[in-house]
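I opened this one to look up the core packing and the charged pairs. Here are my notes, in the order I took them.

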Amino acid sequence: QSRVTPASTFKIPLATMGYDAGILKDANTPVMAFRKGDPDWGGANWTRATDPANWMRFSVVWYSQRITHAMGAAELTRYARTFGYGNADFTGDAGENNGLDRAWIGSSLKVSPREQVAFLCKLVLGTLPVDKAAMANTHAIVENRATDGWVVHGKTGTAYPRHQNRSFDYARGWGWYVGWAEREGRTLVFAQLTQARERTSGSPGMLTMEAFLREWPSLAAPFKP
């Protein structure tokens, strides 16, 4: 029940918001162009024109920022509250006025694993208070993987705590993997959260996903149709 930063797992509710608000249209629309000064630490996939499907696939931060700026903090807060998504706090870092750029990245927005699961259940069941097409379009762009007869739809997230001097604590990174898995008419919703004890060679989010998928056959065994 502990709340921490959602990091890039926030892209799932943000996509739902964006589709419902009409900012996003489908998996391929709109295409947005990279601009000088946009976050580019994600490599080549972050420095080219991007559509919603590739935004989700490659976790492109600046595309998220275009959506949040188009919506504004008040609307983001309203949606998050109606979704029951964590503390719905988009103020950002204290005194920095950067909520629309990084509230969900180790900053003010916080959500617990249980709240992630509750939100995802509503998304999968189609019961969020948004247009049905917004939920269907979000479902369509979340990346999926086949394992042990299941199709696992999920999103990773990585973020690092900040020290008082605003440097990052790379030895205590959070790793998320959240989503749902489908097999023969059965759907299971999941949220996996880890926090590192030392600096890792890979991102905590990717390491969390890889460990989760390795464990998935035993986790899902009691629920096979």
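Before anything else, a cut-off I need: I call a residue buried under 20% relative accessible area, exposed over 50%, and partly exposed in between. I also kept in mind that this is a predicted model.

**Entry: a charged pair to start.** I looked up Glu 143 and found its relative accessibility to be 30%, so Glu 143 counts as partly exposed. Its salt-bridge partner is Arg 145, with the closest N and O atoms 3.9 Å apart. Arg 145 is partly exposed too, at 25%. Salt bridges with shared partners also tie Asp 93, Arg 102 and Arg 162 into one network.

**Entry: the other bridges.** How many salt bridges does a search of the whole structure find? My search returned seven. One of them joins the side chains of Arg 3 and Glu 115, at 2.7 Å from N to O. I noted that this pair links distant parts of the chain, 112 residues apart: Arg 3 sits in the segment before H1, and Glu 115 in helix H6. Glu 115 is buried at 17%, whereas Arg 3 is partly exposed at 41%. I then checked Arg 78 and Glu 75, whose side chains meet at 2.9 Å. Both lie in helix H4, three residues apart, about one turn of the helix.

**Entry: the core.** Which members of the largest nonpolar core touch the most others? Met 17 and Trp 55 do, out of 45 residues. Elements giving two or more residues to this core include helix H1, helix H2 and strand E3. Apart from it I found another core of 11 residues, among them Phe 190 and Trp 216.

Conventions
Residues numbered from 1 in each chain as written. Predicted model: local features only at pLDDT ≥ 70, side-chain atom pairs only at ≥ 80, totals over all residues. Heavy atoms only, no water. Core = buried A, V, L, I, M, F, W, Y, C linked by side-chain atoms within 4.5 Å. Buried < 20%, exposed > 50% of the residue type's maximum accessible area, 1.4 Å probe, protein only. Helix = DSSP H or I, 4+ residues; strand = E, 2+ residues; numbered from the N terminus. Salt bridge = Lys/Arg side-chain N within 4 Å of Asp/Glu carboxyl O.
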